[in-house]
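Subject: Structure handover

Hi,

Here is the structure you were waiting for. Please open it alongside this note. My findings follow below it.

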Amino acid sequence: MHMMYFTEQPMSAYSAQEGLKFGATALMFSNSHFDPKEGARLYNQYIEDYIYAEEMGVDGIMLNEHHNAPFCMQAKTNVFASILAAVTKRVKIVILGNPLPLAENPVRLAEELAMIDMISHGRLVSGFVRGGGQEQLATGVNPAFNRERFEEAHELIVRAWTQPGPFRFEGAHYQHRVVNPWAVPLQKPYPRVWIPGVLSRETIIWAAKQRYPYICLNTSVEATKAIWATYDAAAAEVGYTPGPENRGYLIRVHVSDNAEKALKNAREFMWMQGEFTGLAHPVWSSPSGYFSPSQRRGFVQFATGRAKSPRGNPTFEEQLDSTLILAGTPDQVIPKLKHIMKETRPGIMAFWGNDGNVSPEDARTCIRLLGQEVMPALREYGHELGLNSPFEANAPVSLAYSTDLRPVAAAAAE
Amino acid sequence: MSQTLSWTRSEVCPAGVPVQLARAGAGRKVLVLHHDIGMPDRLEFCDALAARHDVLLPFHPGFGVSARPDWMRHPRDLAVIYQALLADLGGPPPVVVGLGFGGWIAAEMATMAPAALHRLVLVGPMGIQPPTGDIMDQALVNYIEYARAGFHSGARFDAIYGAEPSVDQLEQWDICREMSFRIAWKPYMFSLTLPHLLGGVRAPALVVAGSEDQIVPPSAAEIYAARLPGARLEMVAGCGHCVDMEQPDVLARLVNDFIG
């Protein structure tokens, strides 16, 4: 198994009252409410937490990226990945993920990621995402071409990593006359790519066809199984059978030395007015062209306030009941996590331990208990169940590097 | 004056691009280019024009009725297609009336084939960066808010779209918005180069703007009128962006008088 620690890096020092008054806490909620002195304090606390997590034995640190929002201070995931490359020695640095369509220059991303890979001596996992609807508006990139930009940027980055330069790339969205970065990844053929997601069926199918592991972000057990069914069907079309090495799962779990404190701190997962990405404005989170046409009718009703968010909005208690959020002592959370592992069989797991206003001391306790008690127990259980990570399984980095594909050409021709 | 106008629908294929076309009336050809929010089924303004002229109403490719060309990247592409349509139709030079976003397309048409138009009418046209303020960004407001913002009179909006537009209408607006993003995302709803080309337009031009236009600041219409040789500017008092829908009789009179 590969087990990671995750935090959104919440900007917990902003005024929740002002956010509620404004009615939204993403995209347009003024950054005049961002205090850089608090920002400096929090960023450095999070760096110390990550170093501590490595000491406590986690396999990896998961990073992400969001813009214009207090729920996540990681405005540039590569910045933190660079920091971790220098201040950690053993953990995998798992970016989940770089929002490719937000980049106007994918070659620059390829360069930065290659630098991170070399500086960390080959510890990078370079995940990619499409970026949320709000992120497109925050960066000024065209949401209508989101999927095309994602796929073209991915192609360009992989080529920059694997095709000897100089070469030229004239795409529909990206045009480069000289691709020849003097920074290439240490890991060959290139750093592993994992794809996190929640809703988009097209992304699941794309990940499966690339043979990239897919990381379910805190979906219910039933939804997770449905995602694996979709993934497996797409994988079959290209000639392989997925296993735990293709499957990842993120869950919010706050661990403490007593149950009461665990519950109190776990409530902080609801800190942004009850939705972990904050009060999502129905229009800004789903700009036209971003979602697939098959979902149009549902989203136009959500955008005009005629329907609830297709994501739903369960209460804290409902999420505890349905194991979308876990809280407790190690003895309390381990059985529940084992149940999820048995049902969904992931080789990769991410533990989102701390959010909102959890105190630095309690955050550390959570990290310690995750690293020293929860993860070892789950590692052993995972071993029993044969839940190998891509590293343990020596899985091919992508479909193109597979050596075990079944022939599918005949079936496709019929 | 009542008229029994019958609008016919057909599919034409200018430059090989399928375009649904509504047509009514007889006389000089008047091409009417609709807004970025699409076109309702019946428009008083178009009926009034069709009482005196041969009115052609193409549904812009990709805006919910005519199929979407995935390759299209700029309103100038639409202008080329509509110039091809005029060339296919032949006959004496037509009038082109551009409504809002359609006004941008019409202006582009006029610059690319100066001898091809009899008259140019721009109503609340996009396509030029206003000297002060910005063209309203539809990305930040929902479909109903954006469509409503095109009207100074809420009652007129309700009369055309209903107080609670249907889900079908919302879907149509989303399709229109998606296509607007595909071809006019940035710079948003204007061209950096068009203002420099307007001097080459030969067709006499009428520029109309609602004094209360919240979508396109009326100062943009002033620039159009200043740069189009011999153009005339008409401000419609107390009217919003969608002059054709909000005050159809006023606009029809202005345009019919101008066409002659």
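This is a predicted model: local features need pLDDT of at least 70, side-chain atom pairs count only at pLDDT 80 or more; totals for chains, interfaces and linings use all residues.

Chain B first. Take its contacts between residues with a separation of 6 or more: 76% of them join residues 24 or more positions apart. Chain B has 260 residues, and 50% of them are buried. Its secondary structure comprises nine helices and eight strands.

On overall dimensions, the C-alpha atoms of chain B fill a box of roughly 45 × 40 × 40 Å along the principal axes. The radius of gyration of chain B is 17 Å. A compact globule with 260 residues would have a value near 18 Å, so chain B agrees with that expectation.

Now a helix pair in chain A. Helix α8(A) covers residues 221–238, and helix α12(A) covers residues 330–344. Their axes come within 10 Å and cross at roughly 25 degrees. Angles under 35 degrees count as roughly parallel, so α8(A) is roughly parallel to α12(A). The crossing of α8(A) past α12(A) is right-handed.

Which residues make the contact? From α8(A) they are V221(A), T224(A) and K225(A). From α12(A) they are I340(A), E343(A) and T344(A).

Best wishes

Note on methods
Residues are numbered from 1 along each chain as its sequence is written. Chains are lettered from A and ligands numbered from 1 in the order in which they are written. Axes are lines fitted to C-alpha atoms, for helices over the stretch in contact, and angles run from 0 to 180 degrees between N-to-C directions. Helices (H or I, at least four residues) and strands (E, at least two) are DSSP runs, numbered from the N terminus. Angles under 35 degrees count as roughly parallel, over 145 as roughly antiparallel, 65 to 115 as roughly perpendicular and the rest as oblique. A crossing is left-handed if the near helix is turned anticlockwise from the far one by less than a right angle, and right-handed if clockwise. Two residues are in contact if their C-beta atoms, placed from the backbone, lie within 7 Å. The radius of gyration is taken over C-alpha atoms; the globule rule is 2.2 Å times the number of residues to the power 0.38. A residue is buried if 20 or more other C-beta atoms lie within 10 Å of its own, exposed if 12 or fewer, and partly exposed in between; C-beta atoms are placed from the backbone.
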